[in-house]
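Happy to walk through this one with you. Here is the structure, followed by a few questions and answers.

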Amino acid sequence: MLTILTKSFKYTMMIVCINFILINSGCAIPEINNTEPSHTKPKYSLSTMADPNETFVIDAYDPWERYNRSMYKFNANFDRKIYLPAVSLYHSVTTPPMREGIHNAFNNLSEVSILINALLQGNFESSWITTQRIVINSTIGILGIFDAANEDHELIRQSHDLGQTLAHYGAKPGPFMILPLFGPSTLRDAIGIAGDYMIILNVDPAGLYEQDILIQYSIEILNCIDLRDNINLEYYQTQSPFEYDMVRFIYLKARKYRTTK
Amino acid sequence: MRHSKNFNIIGYTQLTTQQFTTKFFLHLSIFTSLVTISLCTTQKYNYPYENPLTSTIIGTPRLYEADIPVDIPIITHNITIDPNREIPELFWYQKQLTFSYAKQPKPAPLIFILAGTGSGHESSTMNFLQKIFFQAGFHVINLPSVTHPNFIITASSHFRPGDYQTDGADLYRVMKKCLDAISNDLEITKCYLTGYSLGGAHAAIISQLDHLQKKINFKKVLIINPPVNLYNASLKLDTLLDNNIPGGENNIGPFLNEVIEQFSGIYLSSNFIDMNKDFLASFFQKQHPTDAEMSTIIGLAFRYYCSNMFFISDALTHSGVVIPKEITLSSNDSLTDYFKVFQRLSFSDYLQDILFPYFKSQNSALTLKQFKQQSSLHRIKDFLQSSQHIAVMTNADDIILSANDLTFLQNTFEGRITIYPKGGHLGNITHKENIKNLIHYFKDH
């Protein structure tokens with residue numbers, strides 16, 4: 001247990017450290033210059049075009065926007081230079097059935113946290129479906145390599161995480177955040193991600209996290225590559241200068257939908 | 001009965017044998033040259049949507065679509081168009097112009113495909129066409145539109161797309177550079193050109209440039225669903241949004257909020273992962289949107305492309321339209337307030353505040369009215385009329401064309417135009433019959 005907690009702590013600290021390093025490095029938050037000289041008035045501005053009391057759907061609670069935007073840039077660079085080449089390498093050494101099996105196995109491991117969160121949210125239907133999925137996929141599905149529950153029994157994977165559980169008990173999303181490597185989130189969801197990870201480490205049904213440290217890191221790296229492989233989006237894919245605004249809008253909208261439905 | 005009446009009208013009954021023969025063959029040649037039009041307008045064209053707005057949004061359902069290979073070897077290539085260009089840090093992710101190509105393993109003809117407004121080299125339509133042409137045995141180069149952010153930032157000569165002639169010249173320069181960059185990798189037998197929507201109009205302009213400069217020497221050109229006059233077509237699309245805002249233009253803010261809320265709500269509650277044509281078809285089946293709502297969706301999509309272009313031009317040229325002239329934005333700066341303002345500005349505003357002042361500075365005698373007529377295929381009518389290697393495909397109900405535009409295209413491309421009875425704007429571009437004709441045009445010797 002202590003080992004597991006230590007690992008979780010290390011993980012959380014890693015996120016905090018990366019944030020800290022970035023904030024204090026080259027892609028740090030530039031200081032907000034409050035003494036900017038007055039500018040020539042543009043032809044159109046928000047004050048002349050919109051009612052002062054008007055609300056905009058694109059607005060969000062984003063007090064750390066400058067930091068978030070720099071993190072968005074960092075993630076995009078990481079994605080291009082490290083993450084995507086790693087995924088490409090992964091594709092060159094695996095076949096599609098192998099990748100599907102690996103993806104299913106990681107999904108099966110994370111079902112534990114889905115089950116706990118579904119229970120915590122009082123959603124017994126989802127809990128029952130997830131329990132069946134774990135049992136079927138871990139046995140008939142050979143340690144989760146095949147998603148037999150979905151294919152043979154039409155038991156679809158449920159979606160419950162700790163961020164949703166916290167929302168269920170009244171936690172507000174808090175400020176919008178771009179997490180290093182993870183991408184868009186909110187303060188509540190960031191805590192949720194760390195918590196969910198802790199659940200997986202605590203339960204560890206396959207005993208993966210009791211292996212040699214090198215094996216543990218290899219599994220984590222493979223997990224990350226699999227995660228990225230299954231996200232069919234790239235940073236700046238839209239090429240729009242307003243991509244950050246749209247990503248923020250869609251993320252917050254999707255989370256609001258998931259936490260209130 | 002009807003035929004004999006027609007013959008009387010054109011005066012066959014009073015002719016001598018020789019006159020009859022001459023006139024008969026003259027009319028026969030006109031008739032055969034118009035056969036493509038009559039074939040498409042009189043025979044049953046198996047496209048499911050009657051409403052051009054529905055066609056424009058949904059496109060062609062999979063059942064009616066041409067078959068394409070799942071995967072083809074596509075190479076993405078980046079080139080520097082202007083080595084001396086300094087790209088602001090705000091656009092740090094746009095270092096070079098990106099295009100893609102698919103190459104045949106043996107000598108083959110090459111076709112360039114030019115994208116429509118705001119689209120990149122890998123948009124869904126571009127991807128589809130690339131696969132279709134590759135499957136038919138062509139090398140294929142896909143280029144982004146001159147209005148796409150990547151092109152404006154890395155390749156546009158003055159960062160203000162929207163003038164047919166200068167945009168065409170920019171594209172032609174880029175095409176030559178692309179060709180030079182990969183010519184060692186391809187064995188090219190001859191070059192063809194096609195483009196859709198705004199890319200179609202550019203294909204026409206480039207044909208003329210190529211005719212004069214002969215740098216590439218296109219053997220055949222096909223223009224698909226082109227706008228005849230850029231300003232008029234844009235005005236039609238802007239009007240689709242402006243005319244359908246309840247309470248008028250001043251109510252655009254709350255209206256946009258409502259539309260985006262509704263649309264995203266429906267999307268999130270659906271089982272779709274991508275906002276693709278299946279999602280849209282399902283959305284239409286469930287919601288049965290009205291014409292006004294569909295017009296709004298099309299108008300909003302156009303407004304989005306416009307906002308991107310307008311913002312980038314304003315930022316790069318320091319025109320001071322929305323971004324104060326002295327400000328150089330960085331990638332950490334919030335752009336949200338600018339986004340809100342640009343969402344309220346139309347293509348007409350862009351033309352008036354960004355484009356026209358620049359061209360006026362080059363020619364002080366130029367009036368706004370003259371400038372609006374400048375980006376038009378009318379200007380190269382004589383060239384288009386006499387160029388037998390250029391053909392057009394469009395739709396009778398294309399929402400960016402007026403009746404006059406359609407007549408202009410019919411008269412200018414007599415015998416070289418195919419007009420499908422329905423399909424809206426580009427809704428039928430992936431349809432089996434369209435693709436069959438498209439390939440046939442380039443394959444036919």
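Q: On which residue is the kink in H4(A) centred?
A: This is a predicted model, where local features need pLDDT of at least 70, side-chain atom pairs count only at pLDDT 80 or more, and totals for chains, interfaces and linings use all residues. Residues are numbered from 1 along each chain as its sequence is written, with chains lettered from A and ligands numbered from 1 in the order in which they are written. Helices (H or I, at least four residues) and strands (E, at least two) are DSSP runs, numbered from the N terminus. With the bend taken as the angle between axes fitted to the seven residues ending at a residue and the seven starting there, H4(A) has a kink of about 30°, centred on A:Ser110.

Q: Which element gives the most to the side of chain A that touches chain B?
A: Counting residues as in contact if their C-beta atoms, placed from the backbone, lie within 7 Å, 30 residues of chain A meet 35 of chain B. Helices H2, H3 and H10 of chain A each supply at least two residues to that side. The top contributor, with 6 residues, is H3(A).

Q: What percentage of the residues in chain B are buried?
A: Chain B has 18 helices and 8 strands. Of its 445 residues, the buried share is 44%.

Methods:
Contact = placed C-beta atoms within 7 Å. Buried ≥ 20, exposed ≤ 12 C-beta atoms within 10 Å, placed from the backbone.
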